[in-house]
Amino acid sequence: MTPPTVDTALLQRAAADIARSRRTLALTGAGISVESGIPPFRGKGGLWEKIDPMKYAHIDALVKDPETVWRVLIKDMKEVLDRARPNDAHRGLARLEEMGLLQTVITQNIDGLHQAAGSRDVIEFHGSFARQRCMDCGRKMATADVELHELPPRCRCGGVLRPEAIFFGELIPPEHLLRSQQLAAACDTMLVIGTSAVVQPFASLPVIARGAGATVIEINPEKTPLTGEISDYLLAGKAGQVMRALVDIIEKELRETRP
Ligand code: APR
């Protein structure tokens with residue numbers, strides 16, 4: 001069933017672009033997890049409307065006052081992420097990978113929902129919330145195993161624990177940045193789903209893909225700085241609805257063309 005807002009002809013065009021593409025990438029942002037109950041960072045109801053990211057999501061704040069950063073930001077994030085489950089958009093990308101129509105997901109999200117939906121090749125560009133690391137001895141542990149009866153939680157060595165997510169002011173892991181740039185330069189088709197495309201260096205990846213001649217397809221209820229400049233077209237709608245419709249069209253066409 002085509003979502004009310006999405007142009008049917010554009011859905012058909014996207015299905016054809018994906019079906020004939022030999023190397024397809026999906027880039028995702030917070031918007032793909034909104035239908036899983038995780039608020040975005042920017043725009044209506046965005047997290048950064050409620051708290052100042054430079055005061056609570058910057059590495060300097062975490063080092064200087066970890067108790068406040070845990071109390072104001074990380075504790076609530078853990079509660080929201082503990083409840084979140086994959087939605088049709090995450091499942092749709094996993095299905096495309098299973099059909100051999102999607103090579104890699106490069107996500108800014110730290111919620112682990114792509115892997116939970118079954119995606120196997122996922123680059124967590126901004127790290128992951130699934131694991132914590134001791135800021136003194138470096139010991140790692142699963143976030144699920146961390147008790148929050150004291151803030152900040154501590155390692156058995158006494159050091160403060162922090163999520164393995166990238167805070168503002170920290171570098172993207174070089175191995176993730178390099179592989180993502182290489183994949184973007186080599187892909188035929190790039191899906192850009194649920195990102196405001198304002199944070200660098202992630203937002204440069206669609207520009208690299210476009211410069212290398214790839215077809216760039218956005219999925220977002222709103223326009224972004226990429227729309228009309230870098231992306232070939234925008235499927236204007238919620239990621240879950242659009243991906244469900246897109247995968248349905250592709251699977252139907254595969255069934256009809258299978259000898
Ligand atoms: N389906 C698809 N897109 C959606 C949906 C939805 N249901 N709901 C909202 N969106 C779109 C919004 O229109 C917006 O363009 O998702 C985007 C969310 O943008 P941001 O909140 O800025 O998230 P993101 O682009 O991932 O932010 C990038 O900024 O704060 C840092 O590290 C944080 O990784 C994050 C980075």
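A polar contact here is a pair of N or O atoms within 3.5 Å; within protein, one must be able to donate a hydrogen and the other to accept it, and residues adjacent in sequence count only if both atoms are side-chain atoms. Keep that in mind as you click through this predicted model, where local features need pLDDT of at least 70, side-chain atom pairs count only at pLDDT 80 or more, and totals for chains, interfaces and linings use all residues. Residues are numbered from 1 along each chain as its sequence is written, and side-chain values use heavy atoms, with hydrogens and water left out.

Stop 1: Select Thr195, whose side chain has an N or O atom 2.7 Å from an oxygen atom of the ligand. Next, pick Asn220: a side-chain N or O atom there is 2.8 Å from a ligand oxygen atom. Then show Glu35, with a polar side-chain atom 3.0 Å from a nitrogen atom of the ligand. The protein buries 91% of the 740 Å² that the ligand exposes when taken alone (Shrake-Rupley method, 1.4 Å probe).
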